[in-house]
Amino acid sequence: MSLSLRFLTAKLFLCLCLTLFQHHVTFSASNPTGLTLRAVLDDSPNSPLYLIENMTIAERIERFIQVTNAKDNYLNLNARVGPDNSNSLSRVVMARDGLFYSVWLLIGSQGQEVKLLMDTGGGLTWTQCQPCLNCFPQNLPIYDSTASTTYFTLSCDHPLCQVEGAVYTCVDDLCIYVHNYHGGLYTTGVASLETFYFPKDPSTALTFNNLVFGCSRDSRNVVFQDTELSGIFGMNMMPDSLMSQLSSYTNSRFSYCLVPFPDLIPHTLVLRFGDDIPLFPPERVKTTMFVHAPYLYNYYVNLVTISFLNDRLGFPPSQFQLREDGLGGCFVDSGYLLTAIEDNYVGGVNAYDVLMDLFTAYYESNNLRRTTDPSGLDMCFERPNDFNNFANLTFHFDGEADYFVPPQHLHIFQQDHFCVAITRGRYATVLGAWQQQNKL
């Protein structure tokens, strides 16, 4: 079965299902009827949706590149609602805030509303906290830890603070974390414990006490400043991620579906956990196993090769494999905006250069002329009004799980030109959010 043709023809969308204990990733076409959550929308002038609507396309692309480059550099470093104490986490409200996919929740005894960037490549969940040494501007009030009676700092003898190689250090009996990004992003604060509320409906919420999170007092050069986002919702496999902390309630399973960035009014978004993930008919599901990666906590999968315009490329078997030095490989990351193809030479072959040469040859054979773009994307062409024959890619994963990327999610289009929405991966190949989106 060609999954790509089915979900495009039937107006269905891709659902990414991640099962940690069984170590597999499932690509499936599904109809979300009766199983979706509405996004939280805000059309006020301070809303990130308002901001994105009033940004030029060039400004949007430039923001995409900033986020992608920051993530790529990071790879080289390791109104209060009533509680529902059933603790059967099944769904979380998810929205698209401008350029970002976010998760909405309440924290602390005062039920402080926060929106966090959903990041399947992130570990520790953190949000800005008052009192703040250096906080970036955000459109929602900053969480005040001193106003919450359920807030506690993490002691230095806590197991997470003592993990060898962890990001935590003990300073004045406080467990301090520091996240540095070579691209300039930086956040530091106190590892803490707090009560999290995940709204189920307007009157009830699931309550989880004493979850470990980061109370950031100093954050700089943050790409999502001036939006409603205040931090990161970490969902990788690190022991301090929320996915790991909530594993006993979710059976270590979650799924999400991303709708397109260009839509000015976002459709319903879906973030499901545990038994709330539907069982799809086998004929509509393709599964590939996770790749075991010691000391690496991202969701690595075995990318076998790539097809350009239905032509399967003859990359050597080792091209996208994870190497002993921890570099290489391919993983899925919702916090990575654009897909990155590793540009290191493996067995004498540079996969990024091979793909870019194919794009160049194809579009030049159609008499299109190269141009430049302020975003810094490598491959851009002038776009004649009558040209619509754009390229596509298929990612072939182990287990015959083929993931088709249609032209509209492989390129970024401007009024008079377009760019290939793929960046150089310095350390690995990453399937980013731009290529994960699908039209409802």
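Buried means under 20% relative accessible area, exposed over 50%, and partly exposed in between (1.4 Å probe, protein chains only). The model is predicted: local features need pLDDT of at least 70, side-chain atom pairs count only at pLDDT 80 or more, and totals for chains, interfaces and linings use all residues. Residues are numbered from 1 along each chain as its sequence is written, and side-chain values use heavy atoms, with hydrogens and water left out.

**Exercise 1.** Are Cys 161 and Cys 175 buried or exposed? Describe their bond.

*Solution.*
1. The two residues form a disulfide (a pair of cysteine sulfur atoms within 2.5 Å), with sulfur atoms 2.2 Å apart.
2. Cys 161 lies in the loop between β9 (152–153) and β10 (168–171) and Cys 175 in strand β11 (residues 174–180), so the bond ties together parts 14 residues apart in sequence. Strands (E, at least two residues) are DSSP runs, numbered from the N terminus.
3. Both Cys 161 and Cys 175 are buried.
4. The S-S torsion is about 115°, so this disulfide is right-handed.

**Exercise 2.** Why is the disulfide of Cys 129 and Cys 215 left-handed?

*Solution.*
1. Cys 129 is joined to Cys 215, S to S 2.2 Å.
2. The pair links distant parts of the chain, strand β7 (residues 126–130) and strand β13 (residues 204–220), 86 residues apart.
3. The torsion about the S-S bond is about -135°, so the disulfide is left-handed.
4. Cys 129 has a relative accessible area of 0% and is buried; Cys 215 is also buried, at 0%.

**Exercise 3.** What pattern do the disulfides of the chain follow?

*Solution.*
1. The structure holds five disulfides.
2. With bonded cysteines counted along the chain, the pattern is 1-8, 2-3, 4-6, 5-7, 9-10.

Definitions and conventions:
Helices (H or I, at least four residues) and strands (E, at least two) are DSSP runs, numbered from the N terminus.
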